Amino acid sequence: MPERSKTDLNKLPLLPSAKTSARGMESGWRRFLIGTAASVSIALAGCQDGGVVSTPTPTPTPTPTPTPTPTPTPTPTPTPTPTPTPTPTPTPTPTPTPTPTPTPTPTPTPTPAPLAISAAGATISVNGSGDIVAPATPFSITGTSTDDATGGESTVALNFTSANGTVSASYYSGDTTSTALAGGTAEAAEATVTASSDSAISAGTGVVRVFDFADALLYTSYGLWEIASDQDALSTYAGVFAGGTETELTANMPTTGSATYSGNAVGYVVDPSSASAYGTAGRFYGDATLTADFAGNSLSGSISNNTVYSVGDGQETLAIGAMNDIALSATISGNTYSGTATASSDTGNVFDIVGAVGTLNGAFYGSGAAETGGIFSLEGGTNGVTVIGSFGAAK
């Protein structure tokens, strides 16, 4: 604080005397001191030269009302940012369990059905002019038929057995071709010989040909067969067959009543005395008519209207003459029958087989004996002939 001048000090009011105003002074000082310590300090500082200065009682500086410390506006608790509801992870569409490919049921291997075949055959020899002159050997045929996956075609395995040995071959029915012959259309099959114990026929080069005329029948087959030493050779053996698979044999044979069957016949004839300009042998076709008496277990019938055709290559449809009718008679046993075949005595035929006799063997096929098929063979007679034939017929 700046120092005051003496003149300034003399201008101060005098202090009261000590006696008259001691109590008041005491009281005044006390109030003064109580009023403000800061004022006392200032006054004393101004009297540093030792003089007594009379200082008026200052108006106490009011104690300032302290400015209240403002209650701080509380920092508002921030509204918490809501935790966003997480977008749910979509449940993945499960990969569908693939339907397992079912293990296919294996196609069962078809069981070969044994064939029930009647057969006859002849050994063929050739003279200088190429004629067939000597049929002789009886034949039997065994085999099987195995259906393919569709059941529409089958593999046929055949075994031809004579006194000279057995010749085996097989063919697929789907590979047959329709061949027009004089007696009708035949399904023709040609197969390579697969095995042979016959010295005249070799496996791998020998050929078997089958002609099936049973297009009009459901259960029965009948026709011709030939065996040659190679594809271009004249047949060494020739014969006939009739039958079907064992499963097609009639299982429910009638035991009462009778039935008439109509169909056709085919075969070979050899007549050494034939007057034909085309040789002494030929292939014949005729009509088959039979009557079965189921109550009496008997069968009778005939092969009639027989026409003989050339067996020369390319001349299969050339008619060369007529042949006698053949009468049939047999006894029925179960679903088969056996009996006799006898040439009729009619005359005027180019191939005269009068007096020839032989055998008949056949069977019934289909439900209720719906069809029948068989073979017959005759030998001898006036001219020493040989006839072998087969037939198929339906009710």
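Ala369 sits in the loop between S16 and S17, where helices (H or I, at least four residues) and strands (E, at least two) are DSSP runs numbered from the N terminus. Ala369 is buried, with a relative accessible area of 0%; buried means under 20% relative accessible area, exposed over 50%, and partly exposed in between, with a 1.4 Å probe and protein chains only. Its phi is near 60°, a positive value in a residue other than glycine. Most residues other than glycine have a negative phi.

The model is predicted, so local features need pLDDT of at least 70 and side-chain atom pairs count only at pLDDT 80 or more, while totals for chains, interfaces and linings use all residues. Residues are numbered from 1 along each chain as its sequence is written, and side-chain values use heavy atoms, with hydrogens and water left out.

The chain as a whole has 3 helices and 18 strands. Of its 395 residues, 37% count as buried. Contact here means heavy atoms within 4.5 Å. Of the contacts in the chain with a separation of 6 or more, 56% are between residues 24 or more positions apart.

Asn297 also has a positive phi, about 55°, although it is not a glycine. Asn297 is in the loop between strand S11 (281-293) and strand S12 (298-309). Is Asn297 buried, exposed or partly exposed? Asn297 counts as partly exposed, at 40% relative accessibility. Another loop residue is Gly348, between strand S15 (336-343) and strand S16 (356-365). Gly348 is exposed, with a relative accessible area of 77%. The C-alpha atom of Gly348 is separated by 8.8 Å from that of Asn324, which is 24 residues away along the chain.

Strand S17 (residues 371-380) is joined to S18 by 10 bridges, and the two run antiparallel; two strands pair if DSSP finds at least two bridges between them. Within this pair, Glu371 stands opposite Ala394 in S18. The hairpin of S17 and S18 has 4 residues between the strands, and Gly381 takes a positive phi near 75° there. Strand S18 (residues 385-394) also pairs with strand S10 (residues 258-270), in the antiparallel sense over 9 bridges. In that pairing, Val269 has Val387 in S18 as its bridge partner. How many of the 10 residues of S18 are buried? The strand is mostly covered, with 9 of them buried.

A second hairpin is made by S2 and S3. These strands run antiparallel and are joined by 8 bridges, and Thr144 has Ala157 in S3 as its bridge partner. The hairpin has 6 residues between the strands, and Gly151 in it takes a positive phi near 80°.

Ser154 belongs to strand S3 (residues 154-162). With a relative accessible area of 11%, Ser154 is buried. The side chain of Ser154 makes a polar contact with the side chain of Ser145, at 3.3 Å. A polar contact is a pair of N or O atoms within 3.5 Å; within protein, one must be able to donate a hydrogen and the other to accept it, and residues adjacent in sequence count only if both atoms are side-chain atoms. Not counting residues up to four places away in sequence, Ser154 touches Ser145, Thr146, Asp147, Asp148, Tyr171, Tyr172 and Ser173.

Among the elements that give two or more residues to the lining are strand S1 (113-123), strand S2 (140-147), S3 and strand S6 (184-196). By class, the lining has 16 nonpolar, 13 polar and 6 charged residues. Ala, Val, Leu, Ile, Met, Phe, Trp, Tyr, Cys and Pro count as nonpolar, Asp, Glu, Lys and Arg as charged, and the others, Gly among them, as polar.

Strand S6 holds Ala189. At 8% relative accessibility, Ala189 counts as buried. Leaving aside neighbours within four places in sequence, Ala189 is in contact with Tyr171, Thr176, Val208, Arg209 and Val210.
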